[in-house]
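Here's a walk through one chain, taken a piece at a time. Have the viewer open and follow along.

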Amino acid sequence: CSRYVPCLQFLGELLSPELMANSTTSLIESFKQAGQGQVFQFFDDLDAAAQASLIAQAETIDLGEVNALVEEHVKGAHDSALNLDGLEPAPYEALPVNGGDAAQWDAAWDAGSAALQAGRVAAFTVAGGQGTRLGYDGPKGTYPVTPVTAKTLFQVFAEKIARSGERFGVTIPWFILTSEINNDATVAAFEAGDFFGLDRESVHFIVQGLVPAVDYEGKILLAEKGKIAMTPDGHGGSLRALVRSGAVDTMQAQGIDIVSYFQVDNPIVQCIDPAFIGFHVLGQSELSSKMVPKAYALEKVGHFCVQNDQALVVEYSDMPAAMQEETTPEGGIRFNGGSVAIHIFDREFIARAGGSDTGAKLPFHRADKKVPYVNAEGATIKPEAPNGVKFEMFVFDALPLAKNPVIIEAARADDFSPVKNAEGVDSPKSCKEDQLRMFARWLKAAGETIETDDTGLPTITFEISPRFAADEADFIAQWAALEVKPELKDGVVIE
């Protein structure tokens with residue numbers, strides 16, 4: 001909360017001590033009236049700087065929202081069981097190689113290209129996490145991922161966005177959601193990398209919103225005597241952050257009405273996919289999503305479904321294993337549409353779903369967690385079992401709220417290989433190998449011969465720079481235009 005202190009000190013220069021004191025007294029009284037007076041129980045023990053920090057933090061809290069969350073998720077019945085009556089797999093636009101209409105995909109590519117050329121598209125990355133699970137100390141976006149040059153996730157995305165802008169003759173703005181924990185380090189990484197070749201004015205950082213954690217009585221917890229236990233409001237909170245930060249207004253002023261959403265841990269994602277954008281435009285959709293066929297029945301991904309004529313995502317934890325393992329008459333997985341957090345949002349839908357007006361809003365979910373806290377005696381307690389509730393929103397909960405949702409199939413090998421775990425599945429090793437397989441496929445599609453094993457993994461380690469090509473079709477065209485082609489050998493970087 002130290003970022004709030006200079007602002008408060010500046011205000012102190014403008015306001016008289018009496019007005020400042022009255023404002024503080026009024027704030028403390030509002031917490032007492034809301035039954036949350038314990039937030040200031042140690043206030044008189046704090047020095048001036050700590051008091052200012054606590055006041056600034058408390059001013060960001062919507063007590064009405066907290067009260068409503070406590071009534072619904074703490075004091076009220078909070079049965080997490082989901083009603084699955086009438087649940088069906090959601091329909092989707094299949095890839096041409098899997099029986100989809102090739103003419104429709106061509107038409108979508110043309111429509112998406114036109115939208116890009118008109119400057120209607122922005123990229124949006126959710127990047128509030130740290131690399132803790134990877135054993136890495138820093139924002140996850142600064143983690144190195146490419147097989148030869150060890151470019152970071154942020155650099156990979158920056159170069160993909162730059163190449164797409166070059167390809168369609170525009171500057172594509174990039175909005176990045178950070179967190180209180182990693183915002184300063186993220187901005188510093190971009191500064192150190194000279195924004196990876198992007199125009200600095202086209203990159204916009206937004207800090208994710210926070211919600212206080214509460215105990216099982218609904219009381220806001222203190223992490224320290226002068227610090228409230230605040231937690232991120234989930235990836236669904238990204239929509240609120242876009243509205244509250246003014247990013248939606250910036251988009252409107254720039255003529256942007258299409259927002260390409262993806263998460264920071266997936267380096268092979270097509271940040272800017274013309275066909276995906278085109279399906280969104282042609283479908284007059286407020287929210288479009290990519291699905292990938294599940295790798296196996298019990299894969300831990302959400303499922304695209306339809307219930308009561310509404311599209312929705314059902315998490316694997318909410319769907320019984322028996323249902324996940326149901327098969328079609330042909331022997332395939334019935335609920336096969338895996339959600340991989342790749343979406344396109346209409347700007348006006350973001351303004352509506354993330355705004356403060358009444359109407360369609362993303363719901364909050366309850367998460368029971370072990371929350372370190374300061375007890376009434378001022379001692380710091382680190383619980384060994386869940387003792388509190390955190391509130392978070394999920395971005396896929398926007399799907400039932402959107403008009404004309406569109407779901408298209410994506411090839412996992414070309415769009416989804418996240419870096420989540422230090423070892424095993426979805427690890428740096430598996431992701432690098434998936435990148436190499438993708439590069440080898442691109443070369444083969446361009447007519448080159450390259451030796452690979454039975455899984456498609458090439459026998460050499462090499463890299464295709466995102467600044468050279470953004471996807472397979474782009475690579476084929478770029479490769480054909482090279483008068484002198486580099487030798488395909490270990491360590492080569494095609495750029």
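Which residue in β4 is the bridge partner of Trp174? It's Val203. Before going further, some housekeeping: this is a predicted model, where local features need pLDDT of at least 70 and side-chain atom pairs count only at pLDDT 80 or more, while totals for chains, interfaces and linings use all residues. Residues are numbered from 1 along each chain as its sequence is written, and side-chain values use heavy atoms, with hydrogens and water left out. Helices (H or I, at least four residues) and strands (E, at least two) are DSSP runs, numbered from the N terminus.

Back to that bridge. Strand β3 (residues 174-178) runs parallel to strand β4 (residues 203-207), with five bridges between them; two strands count as paired if DSSP finds at least two bridges.

Now for an open sheet. Three strands line up antiparallel in the order β6-β18-β15. β6 (214-215) and β15 (365-369) are at the edges with a single partner strand each, so one side of each has no neighbour in the sheet. Helix α4 (residues 63-75) packs on this sheet and touches β6, β15 and β18, contact meaning heavy atoms within 4.5 Å. β6 pairs with β18 (residues 388-392) over two bridges, and Asp215 sits opposite Gly388.

Next, a helix pair. The axes of α5 (residues 102-117) and α10 (residues 274-282) come within 6 Å and cross at roughly 90 degrees; axes are lines fitted to C-alpha atoms, for helices over the stretch in contact, and angles run from 0 to 180 degrees between N-to-C directions. Among the residues that meet there are Trp105 and Trp109 from α5 and Phe279 from α10.

Finally, the side chains of Asp257 and Arg120 form a salt bridge at 3.0 Å, N to O (the rule: a side-chain nitrogen of Lys or Arg within 4 Å of a carboxyl oxygen of Asp or Glu). These two residues are 137 residues apart in the chain.
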